[in-house]
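This report looks first at the protein as a whole and then at one residue within it. Please keep the sequence and the model in view while reading.

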Amino acid sequence: MDTSPSALLRLFVPRIPFLAKTALWHSLWLSPTSSKWDLRTEMTVRIIRSLFDSPEPTPISKQQRWSLKDPGIKGKMWISKVAFAAPEEEDIRDIMVDAIESMKEGDGVYKIPAILPLEAEWTGYRANVRHDRPRPDLSEAQHYEKLMSDVASPVTILYFHGGAHFMMDPSSHRIPTSRLAQLTGGRCLSVRYRLAPQNPFPCALLDAFHAYLSLLYPPRDSFHKPVAPHNIVFAGDSAGGNLTFALCQLILHINRSSTKPSLKFNARSIDLPLPLPAGVTGTSPWVDMTRCMPSVVSNAQYDYLPPPISTEQVRKFPRDELWPTDPPRGDLYCDLSMLCHPLVSPLAAKDWTGSCPMFFVYGEETLTDEGKSVASLAAQQGVSVVWEQFEAMPHCFSMIFEHLEAGRRGFKDWADFCTQVASKTDVKEKARKIETKGTWFAAKSCKETDRDVTSLAVCSREEVADRMKSTRDARIQGFDGYSKIQPNL
């Protein structure tokens with residue numbers, strides 16, 4: 001992203017009156033969140049919210065280009081850029097398509113993607129250097145060697161960045177991935193998956209599947225050696241969190257339903273069932289693409305995410321080379337008919353039995369209720385689930401508010417979970433038992449209160465299904481062109 005002085009001036013100067021008013025109201029305790037937030041948090045949330053609430057929306061292509069500007073590599077991080085060749089065999093795509101078809105209810109529409117070469121960044125923590133220390137002039141292989149020389153644990157985090165499925169990439173998330181590497185003593189593989197709207201579902205999911213298998217069974221000339229599944233954790237924020245749980249659900253479904261004994265990948269024969277990772281985690285994972293749950297409205301005062309876009313806003317939304325698509329599609333990420341598919345919206349998944357342990361961290365945000373439903377169902381089905389929710393905190397707060405105790409605690413607990421589940425050094429070593437536990441953290445004090453994970457859900461499974469389907473159907477039916485050009489941000 002562009003963080004140059006000129007770009008920051010263009011961002012903040014027009015908002016000076018707004019910021020002054022925000023500071024005054026907060027200081028006089030007239031803001032509804034004054035008792036929950038400090039001034040810095042209030043200002044940050046309101047600035048981000050104002051960007052989403054602009055009366056003149058920015059074209060999708062411009063947002064995407066802006067989010068993909070590489071901020072450069074410096075300071076306390078090792079980065080090694082890699083590319084995994086596309087396998088000659090099409091088995092991973094075919095078995096994913098089989099899963100999509102068998103989990104589909106009704107006539108969902110999607111295009112079968114090609115398997116393409118996949119770029120990613122190995123990320124590690126670079127100790128004992130200044131924050132502005134330039135990146136050494138070395139080859140990518142040498143950077144990987146340097147990275148590995150600072151790795152102290154076998155933890156390997158397969159990371160999927162957020163950005164509403166159409167923005168950002170590994171370069172935008174180097175700070176959180178290097179923090180995860182620091183706190184776990186391990187390394188992250190941050191994936192440059194294909195972005196919508198150019199590459200709709202299931203392109204990103206196929207890339208995620210490709211990345212996982214490339215960790216387990218590296219292509220020739222890879223920098224890394226095969227990584228044991230008990231040392232791998234799926235992790236992601238927001239839309240990246242969607243991919244972590246969708247990928248977990250894909251593997252579970254393949255293992256339950258595939259009649260094939262094996263699949264081919266990079267000239268290897270891989271026996272089924274596929275190994276699961278040590279854990280699947282997300283900070284504010286977006287697991288409901290319909291955005292139908294009550295917290296979308298009830299928690300809006302604490303969040304900066306915009307509500308589902310209105311018809312009037314849709315009419316004003318600027319057209320560009322990326323949006324609307326040709327032929328028109330009702331959602332950036334997928335055809336509207338696929339919104340309730342479990343691999344699009346993991347909230348719709350009915351069975352998490354046999355999953356690896358899960359970790360969720362949310363604020364009191366608009367996406368919270370969908371996460372509660374997934375965590376509750378998984379716990380009821382015998383999965384070890386750790387749930388943490390922080391009062392009055394917005395979306396992805398632990399990646400934004402490092403100055404707050406809530407932000408530091410949420411991020412540290414995320415990293416600690418990764419360490420707990422994935423630090424085995426020997427396959428024969430007994431895995432650490434992860435106890436299902438839910439915790440509510442009070443605003444400012446972070447005072448802890450236990451929560452029963454099995455009863456977190458605010459809606460029954462039947463009500464969740466009805467909400468999702470009615471929201472999807474309303475968008476499909478549309479009115480005044482609503483379903484034809486809506487970018488669901």
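A residue counts as buried when its relative accessible area is under 20%, and as exposed when that area is over 50%. In this predicted model, 57% of the 489 residues of the protein count as buried.

The protein contains 16 helices and 12 strands. Its radius of gyration is 22 Å, which agrees with the value near 23 Å that a compact globule of 489 residues would have. Among contacts between residues at least 6 apart in sequence, 80% join residues at least 24 apart.

Some overall values for the protein are collected here.

| Property | Value |
|---|---|
| Box filled by the C-alpha atoms, along the principal axes | roughly 65 × 55 × 45 Å |
| Distance between the centres of the positive and negative side-chain sets | 4 Å |

Leaving aside residues up to four places away in sequence, Val287 touches Asn242, Phe245, Ser345, Pro346, Leu347, Tyr362, Glu370, Gly371 and Val374. Pro218, by contrast, stands 69 residues from Val287 along the chain, and the C-alpha atoms of Val287 and Pro218 are separated by 29 Å.

Definitions and conventions. Residues are numbered from 1 along each chain as its sequence is written. This is a predicted model: local features need pLDDT of at least 70, side-chain atom pairs count only at pLDDT 80 or more; totals for chains, interfaces and linings use all residues. Side-chain values use heavy atoms; hydrogens and water are left out. Helices (H or I, at least four residues) and strands (E, at least two) are DSSP runs, numbered from the N terminus. The radius of gyration is taken over C-alpha atoms; the globule rule is 2.2 Å times the number of residues to the power 0.38. Buried means under 20% relative accessible area, exposed over 50%, partly exposed in between (1.4 Å probe, protein chains only). Contact means heavy atoms within 4.5 Å. Lys and Arg count as positive and Asp and Glu as negative; His and the chain ends are not counted. The place of a charge is taken as NZ of Lys, CZ of Arg, CG of Asp or CD of Glu.
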